[in-house]
Amino acid sequence: MAEMEARARASSQRPLSPHLQIYRPLLTMMMSIVHRVTGAALYFGMLLLAWWLIAAASGPTAYANVEWFIGSLIGRLILFGYTWALIHHMLGGIRHLIWDTLNGFEPAEREFLTVASLAGSIVLTLLIWGAGYLVMGGPR
């Protein structure tokens, strides 16, 4: 009986499975977490899009309120973050699609895809915003 209690006590002190404490944070691990966070951010960004559409259908006063918020510094920062989250989530999805084809699993390929999706999301976001400002004739 004492042997069973000692065994139970010893097994309860050991972790049941590997945990985050023994893993070194890798870029692929961090980007996987960021992919989930950007997915949640896109959910809340859709509320902003819905607000804009509802305001457009509601009339000039409601639309002016949305335009004021979007034109403010905080509104533009939110839109910039939403744009980056959308692009980053899309490129992360493409990376996962490549992995679904059983390609890109070698360490160098994994790192390349991860860095490419991160750098690509930043570059594409800046290009989209730059093109938007060029079309609009600068910030308003």
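The protein contains five helices and zero strands. Read from the N terminus, the order of elements is α-α-α-α-α. The chain has 140 residues, of which 23% count as buried.

Helix α4 spans residues 73-100, and helix α5 spans residues 107-136. The axes of these two helices come within 9 Å and cross at roughly 145°. The crossing of α4 and α5 is right-handed. Sorted by class, the residues in the contact of α4 with α5 comprise 15 nonpolar, seven polar and three charged residues.

A nonpolar patch on the surface is formed by M90, I94, I98, V123, L124, L127 and I128. Together, these residues have about 570 Å² of accessible area. Both α4 and α5 contribute to the patch, each with at least two residues. The largest share comes from α5, which supplies four residues.

L124 is found in helix α5. The relative accessible area of L124 is 34%, and this residue is therefore classed as partly exposed, since that class lies between the limits of 20% for buried and 50% for exposed residues. V123 also lies in helix α5. With a relative accessible area of 45%, V123 is likewise partly exposed. The C-alpha atom of V123 is separated by 9.4 Å from that of W84, although the two residues are 39 residues apart along the chain.

A further residue was considered in helix α2, which covers residues 27-58. F44 is found in this helix. The relative accessibility of F44 is 54%, so the residue counts as exposed, the cut-off for that class being over 50%. F44 and Y82 are 38 residues apart along the chain, and their C-alpha atoms are separated by 9.1 Å.

In summary, the predicted model is made of five helices with zero strands. Within it, α4 and α5 cross in a right-handed manner, and each of these two helices supplies at least two residues of the nonpolar patch. Of the residues described individually, L124 is partly exposed, V123 is partly exposed, and F44 is exposed.

How values were computed
Residues are numbered from 1 along each chain as its sequence is written. This is a predicted model: local features need pLDDT of at least 70, side-chain atom pairs count only at pLDDT 80 or more; totals for chains, interfaces and linings use all residues. Side-chain values use heavy atoms; hydrogens and water are left out. Axes are lines fitted to C-alpha atoms, for helices over the stretch in contact, and angles run from 0 to 180 degrees between N-to-C directions. A crossing is left-handed if the near helix is turned anticlockwise from the far one by less than a right angle, and right-handed if clockwise. Ala, Val, Leu, Ile, Met, Phe, Trp, Tyr, Cys and Pro count as nonpolar, Asp, Glu, Lys and Arg as charged, and the others, Gly among them, as polar. Patches are made of residues with over 30% relative accessible area and no salt bridge: like charges are joined within 9 Å, nonpolar side chains (Val, Leu, Ile, Met, Phe, Trp, Tyr) within 5 Å. Accessible areas come from the Shrake-Rupley method with a 1.4 Å probe; for residues, only the protein chains shown count as cover. A salt bridge is a side-chain nitrogen of Lys or Arg within 4 Å of a carboxyl oxygen of Asp or Glu. Buried means under 20% relative accessible area, exposed over 50%, partly exposed in between (1.4 Å probe, protein chains only).
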